[in-house]
Structures are given as C-alpha cells and as structure tokens.
Amino acid sequence: MKGIYKFNFDNVLKDKIGETGISVDEIDELRDFTNLAKANVTKKYEKGDLGFIEVLNEDLEIYEEVKELSKEFDYIIIIGIGGSILGSKAIHQGIYGSSNTYHPKVFYLDNSDPEKIYETLKAVKLEKTLIFVISKSGNTVETLANYFVIKKHMDKNNITPAKPNFVAITGGGLLQKIADKEGYMCYKVPENVGGRFSVLSAVGLAPLACLNVDIHNLVKGAKKMNDICQTDNIFRNPALLNSLIHYKMDNTGKKISLMMPYIGRLHQFGMWYRQLWAESLGKDGNGQTPVIALGATDQHSQLQLYMDGPEDKIMTFLKVNTFKQDYSIETDYDSDLKGHKLSELINSEQLGTEKSITEKGIPNVKITLSELNEYTLGMLTYAYELQTAYSGELFCINAFNQPAVEHAKKLSHAVLKGSIKEKSYNEIKIE
Ligand SMILES: O=P(O)(O)OC[C@H]1O[C@H](O)[C@H](O)[C@@H](O)[C@@H]1O
C-alpha cells in the first residue's frame, strides 16, 4: 500500500497574506528554537517517557488472537471515552466511512447517555457481539457504567455467546481487577502512552484489527512519518513546521485552530485532533481552541464567520485527490456542473474557499493525501501526534497531562455521592 502526503504552507507566508504572515527567512532564523523543541522531544523519548513513539516498534502479531476471536461475531461494541475511543473511531471512519454497512457492524458507547445504550442494545444481538471495554486508568465512570449495564443485561437475560465476548484494554484500576476476576482477554495500555496519544497502541489497534483495518499499513505510514521527521531541516519536517506555524500564529492572536476536511471520511479524524490539541495544550491560560468544520457542507453554514468574523483563526484544509467512488454529473439542463465529476466539484470548492480565505489574509495550511488509505492515515495521525509533542515544547507546556479534567472528574464523583448538590438561586422557570 502506498500514498503521498503533501504539506503546503504557501498561505501563511507574508507575500500571500500580508503582515500577519511569516516569512521563510523568519522560519529559518528560528532554527535554534525549533531544534531545541525537537531535541527535547527526542530526550523525552530516550528517557522512556514517550510511549506513543515506542509503540511503533510493537510486534503486531499480538493482535492476531483477538482478530481470530472476532471472526465468531457479527457486531462489535467499543466502550470507552476520550482518548480510549476517538482514535479507533477516526481510523475506522477514515477507511470505511460512517455507513456501518460492513461486517462486523460497529457501535461506539462513548457517553453515559441512557438512550444511546438502549438504541445500541436494540441494534445488536449480544450473543453475536464482541465487546471491547477500553480505559487506560480503568476507573472512568462513563466507561465502567456502560460495561456494568451491558454485563447485567447479559446475565439477566442468560445471554451466553459461543465464545467469551469481552475484551479489556487497560492500564489498571477497577477494569483490570474485573478483567482478572472474569478472565477476560486483556491488552495492556503502557503507562507511558497517554490516552489521547494511544491510537497506535492496543487501544486503537486491537479493535481496528477486528474491524478489518489493515493495522500493518497504518503503522507503516506512521513509521514513515517518524522517519521523515527525524530531520532538523524544518522545511523537510512537516510536524515541526506545522507546530512552529501554529505557535507563531497563536502569538499573533490566532487562538482558534480550525480544521476543515473536504471528505466525510476525515470528519472523525477532526474530532480526534480536537481532543489531542485541546487537552495537550490548553493549560495555564494557553492553548488554541480546535474547531472542526466539514467542507463543503459547512461553507454554507460557517464560512461567513470564518471570513468576516474575528481575525482569530488559522485554518487547516485536509484534502484527498482520489475518492473511492465517484460520479459524473450528467444533465440536459444548461449548468456549469455538466460534464464534471463530484470529486472535481468538492475539490474546486476547497480551492475556491482556500483562495478567498487567503485573499482575506487568513493564514491557512493544506494537507493533501493522494488517497485516503491506512498508510496515508497512519502518516497523518502520527504527524499530528508528533506536532502536538513539539508544540508542548514550543509553548513550554506539559502536553501529556490534563489536570483540569481530573478536577472536574473529582467534582462529578462528589455529585454522584451526594456531597455536592445542585443549587440555583438565579434562574427563570417556566411551567
Ligand atoms: O482511558 P481512560 O482512563 O478511561 O480516560 C478517558 C479520558 O478521560 C479523561 O477525560 C481524560 O481527560 C482523557 O484524556 C482520557 O482520554
């Protein structure tokens, strides 16, 4: 499997967007600054802190066992939240789209919304369902709650699949205890792999292997990107260059990082990126708010704001050259569309938007993939992981923790236990 990845940064340059931009010379002058960031990431990796790089060397044969087991099942449920599920969702959608017409069918339980679990239970036959329960900490309440509800439902209704149907992927906590006690097949999340950086570890690879994603090519793409990004030449290192561009733009008030894929299959990738960028860099008053829009759909809903609203955005266009299916537009009516393909239309819309955004002086970069397959998706995913690690260094932020989220989790627990009650003094109530 092959594919080409192109990173284009013309439209952040001063000669394209004016004074808000950056020049090639300025980028070059920041060589020491960017090389230090890169060297710090390497140091952390050598110290054993960056498991998301280490996992590239993992033996993928370990996933054969669960893949074999999955052949007994028609449905897969993945239970997890945040970094424990967004990656597999993004990669699966990146390869298969969101129609869920393939075998096995997949369902994601990533919320404690009772209606969602009800709908899922109605859509699957549990005796034919392989269920992944994924949580690095092993203690995330939404994940445990969904597991407990499904387990009880199976026990109460005497649902006994031909083969054991729970697989735990965890680094410890209550989930590990449950897996040990119940004898579940279990994959480990290494301590040094942060949840949102875990898609290329067991967290993503075990379920994806069962969903017929070619994980070998996925990792191969990531390794290729890792090799490419070993260079200190920033103009040859897309992760480092994009990191610097976002850093410089942040410094000039571009506090929103807007990602706009022009293919539906990358929409979930945007959602994965949203967590990665937000949780890694949103600290101590820093951080760019990631926003995801889908081209061309959101041109007709958001573009007015992007072009004419606050000048606080840097945009990333994601584009693919080849679509898996295509249609030519044929009509007897007099129309500019006549004789064109849908792929030409969507890519023209991308370029048209890019041109008008650039004319407005809004900085934007573009990643073009020759096609969207496991290999190119592996390159894309890993480039963003590395870019986020570099950005942590540039912004002097620990990109690998999430203290504010931990605090909110504690308060939610306190509410559940009854030690915090909802009180409101100022509200409008209408009956
Ligand atoms: O994998 P888990 O331990 O269940 O954590 C799931 C998620 O929980 C928290 O909300 C963290 O902020 C996320 O970074 C994490 O991905």
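Predicted model: local features only at pLDDT ≥ 70, side-chain atom pairs only at ≥ 80, totals over all residues.
**Exercise 1. Sort the residues of helix α9. Which are buried, which are exposed, and what covers the buried ones?**

Step 1. Helix α9 spans residues 173-182. Its buried residues are L175, Q176, I178 and A179.

Step 2. Look down the axis of α9. The buried residues fall within an arc of 160 degrees, so they line one face of the helix.

Step 3. Recall the general rule. An α-helix has 3.6 residues a turn, so residues three or four places apart point the same way.

Step 4. Turn to the other side of α9. There K177, D180 and K181 are exposed.

Step 5. Name the cover. The elements over the buried residues of α9 include β4 (129-135), α8 (141-156), β5 (166-170) and β6 (185-188).

Step 6. Check what comes after the helix. G183 follows α9 and has a positive phi, near 75 degrees.

**Exercise 2. Take the "active site" positions from UniProt. Which residues are listed, and how far apart are they in space?**

Step 1. Read the record. The unreviewed UniProt entry lists E279, H300 and K409 for "active site".

Step 2. Check the spread. These positions cover 131 residues of sequence. They are also spread in space, with up to 37.1 Å between C-alpha atoms.

Step 3. Examine E279. This residue is found in helix α13 (residues 267-281). E279 has 23 C-beta neighbours inside 10 Å, so it counts as buried. Leaving aside neighbours within four places in sequence, E279 is in contact with R196, Q402 and V405.

Step 4. Examine H300. This residue lies in the loop between β8 (289-292) and α14 (303-308). H300 has 8 other C-beta atoms within 10 Å, so it is exposed.

**Exercise 3. Describe the shell around the ligand. How many residues surround the ligand, and how do they divide by class?**

Step 1. The ligand is surrounded by 14 residues. The closest are G82, G83, S137, T140 and G195.

Step 2. Sort the shell. Nine of its residues are polar, three are charged and two are nonpolar.

**Exercise 4. Trace the contacts of G264. Where is G264, and which residues does it touch?**

Step 1. G264 sits in the loop between β7 (256-261) and α13.

Step 2. With 15 C-beta neighbours inside 10 Å, G264 counts as partly exposed.

Step 3. Not counting residues up to four places away in sequence, G264 touches G97 and L294. G97 is 167 residues away along the chain, yet the C-alpha atoms of G264 and G97 are separated by 7.3 Å.

**Exercise 5. Check the backbone. Where is the peptide bond from H103 to P104 cis or trans, and what is phi at N158 and N212?**

Step 1. The bond from H103 to P104 is cis, with omega near -10 degrees. P104 lies in the loop between α6 (86-96) and β3 (105-109).

Step 2. G295 and A296 are also joined by a cis peptide bond, with omega about -5 degrees. A296 is in the loop between β8 and α14.

Step 3. N158 has a positive phi, near 50 degrees. N158 is in the loop between α8 and β5, and is exposed with 7 other C-beta atoms within 10 Å.

Step 4. N212 has a positive phi of about 60 degrees. N212 lies in the loop between α10 (202-210) and α11, and is partly exposed with 15 other C-beta atoms within 10 Å.

Key. Residues numbered from 1 in each chain as written. Near = placed C-beta within 6 Å. Nonpolar A, V, L, I, M, F, W, Y, C, P; charged D, E, K, R; others polar. Buried ≥ 20, exposed ≤ 12 C-beta atoms within 10 Å, placed from the backbone. Helix = DSSP H or I, 4+ residues; strand = E, 2+ residues; numbered from the N terminus. Arc of directions from axis to C-beta. Contact = placed C-beta atoms within 7 Å. UniProt positions renumbered as here; feature names shortened; annotations may be inferred.
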